[in-house]
Amino acid sequence: MKKTDYFVIAILLLSIFGTIYYGYQIYNISFEQEDPRGKEYLSMEIKRNQLSHAFRYAKERQYEETVLILDQLNVKDNPLGLYLKGYVFYKMNKKEEGLSLIKEALQRSNTLYDIHYPNNVRNELEEILTEISKDERLNSYRHFIESKLKGGCG
Amino acid sequence: MRLNSFFYMLSAIFIGVFGSLLSIYGNPLNTGICISCFMENYAGALRLHNNIFMQYLRPEITFITVGSFLSALIRKEFKPRISPAFIPYFLGGFFMIIGSAVFIGCPIKMLLRLAGGDLTSIAGIVGLVAGVYAGVKVLQTGVDTVSFTPKVVSNRSTALLLPVFILLAGVLAVTKNGLFPESLSGAGAEKAPLLLAIIFSVIIGVTSQYSRFCVTGSARNSLILRNVIGFVALFLLFFSAFMVNLFFKKVNIGVYGQPGSHTAYFWSFISLFLVGYIAVLIDGCPFRQLIKSGEGDMNAQISFLGMLLGAAFVQNFTILSDASGPTLFGKIGVLIGFIIFAVITLEARKNSDA
């Protein structure tokens, strides 16, 4: 056996181990067979319903009250709640804090910005993008949100 | 300097300048020319995936191939050729797109990203050169290259099928009869003016066919032949794109907040390592496969089909990385690529020993 053979075999073995490791993670993800998107949308609507008071206050621009409600509801595990909290913080001029929560929410659920989901937040995200486009400090958030909205390279 | 070296460097400069200009005039940021991204758009336009933000029959794909085809015809270099190892070529095209998607960009975009000030692409550059080096070492120590080397055959009409299809699809897309869907928003909707894209792409196709320019080929030649022309050409590609970006104030040097990039350096490194390694084995990066497709190289045409399928997989299985890093499917895709090409290498090694 030549030296390069050992190199190729090492890569082969490492890749097999890596594939088993990540393959096991994929195996543990449950893939819904029937109408997964419908279920995702429904689940998002249920979350929206739970947060309806918070949404109402946010719509009326009563941001401090909105935060109080969201804190009481403990939205740590609810991407829609996280998004709303981030959006409200952003509107209260706590931009970085707000954007970081929005980023976390978008990472957790792509239904939030799915164009087919009727209550998606794309318009709000577009507005945020326009507002932060000239702020160099917020560049990383801009590109993150852009990459989610664009759905591809660039 | 020999004429061919001059044209080799000229091709690199054209790709750098036009790549930057196309991005400035409408293509996505740092994505003036990116074969893997454009293949995803192309696959979307052919309805191979349903991401409505990534559907556009990119004229760059069409007219780079057409430019190469015309140049090959005029120079009487249109030679139908094929080798027995067409499956590795198909898989090579497929996994080069998977690797590029995990990095977010083909080897050309890698340099265009750096020219835009995106320092995260350095991990990819190191990975690509390391992959090319590993491929060269494997080739040098004995691989059955006979089955990989295309031989000239007589069936000219078969070799014409793909270039003609690409041209026809391009013409149909330009006439906008609704046959191919086009994104209304997202990356697929970001496009340079059609005429500009066509002119630049034809020039790139013609010069690259003449000079045989290839990003991974440049690195390979420099590593094997100790020929500096390859590295000089790559530097010129980067430098010319950088100067255009500088002129239009589009340089934003940094690591964070770069368009179409992520900071998962390890995955950037190994994904382009895979691309570099495969490109050495199948003789050309995704861009070079387009050029060779236009020349009648049926292995490259098979590779083109592999790239198209890879692009559909990238979108359908969320393999494409985003600003937060590679996805689980992306990681596993790259690893499977390594397994397959390690096996292909060992097999080719065995045949060589025999």
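Start by selecting B:Ser321 in this predicted model: you will find B:Ser321 in the loop that runs between α13 (298-316) and α14 (328-353) of chain B. Is this serine buried or exposed? B:Ser321 is buried, as its relative accessible area is 4%, and buried here means under 20%. Now show its surroundings. Leaving out residues up to four places away in sequence, B:Ser321 touches B:Ala101, B:Val102, B:Ile104, B:His262, B:Pro326 and B:Thr327.

Rolling a probe the size of a water molecule over the atoms shows where empty space is left. The count comes to one cavity of 30 Å³ or more, and the largest cavity holds about 50 Å³ of space. To see its lining, select A:Phe7, A:Val8 and A:Ile11 together with B:Phe273, B:Tyr277, B:Phe338, B:Phe341 and B:Ala342. Which helices supply at least two residues each? They are α1 (3-27) of chain A, plus α11 (265-281) and α14 of chain B.

For the last stop, move to helix α6 of chain A, residues 95-108. Its 14 residues reach 20 Å from the first C-alpha to the last, close to the 20 Å expected at 1.5 Å a residue. Highlight A:Gly98, A:Leu99, A:Leu101, A:Ile102, A:Ala105 and A:Leu106, which are buried in α6(A). Look down the axis of α6(A): the buried residues fall within an arc of 160°, so they line one face of the helix. Finally, show what they pack against: α5 (79-91), α7 (122-132) and α8 (139-150) of chain A.

Note on methods:
Residues are numbered from 1 along each chain as its sequence is written. Chains are lettered from A and ligands numbered from 1 in the order in which they are written. This is a predicted model: local features need pLDDT of at least 70, side-chain atom pairs count only at pLDDT 80 or more; totals for chains, interfaces and linings use all residues. Side-chain values use heavy atoms; hydrogens and water are left out. Helices (H or I, at least four residues) and strands (E, at least two) are DSSP runs, numbered from the N terminus. The expected span of a helix is 1.5 Å times one less than its number of residues. Buried means under 20% relative accessible area, exposed over 50%, partly exposed in between (1.4 Å probe, protein chains only). The arc is that of the directions from the helix axis to the C-beta atoms. Contact means heavy atoms within 4.5 Å. On a 1 Å grid over the protein atoms alone, a cavity is a set of points where a 1.4 Å probe fits but cannot get out, and a pocket is an open set with protein on both sides within 12 Å along at least five of seven lines; lining residues have an atom within 4 Å of a point. Grid points are joined across faces, edges and corners, and a volume is the space filled by probe spheres set on the points.
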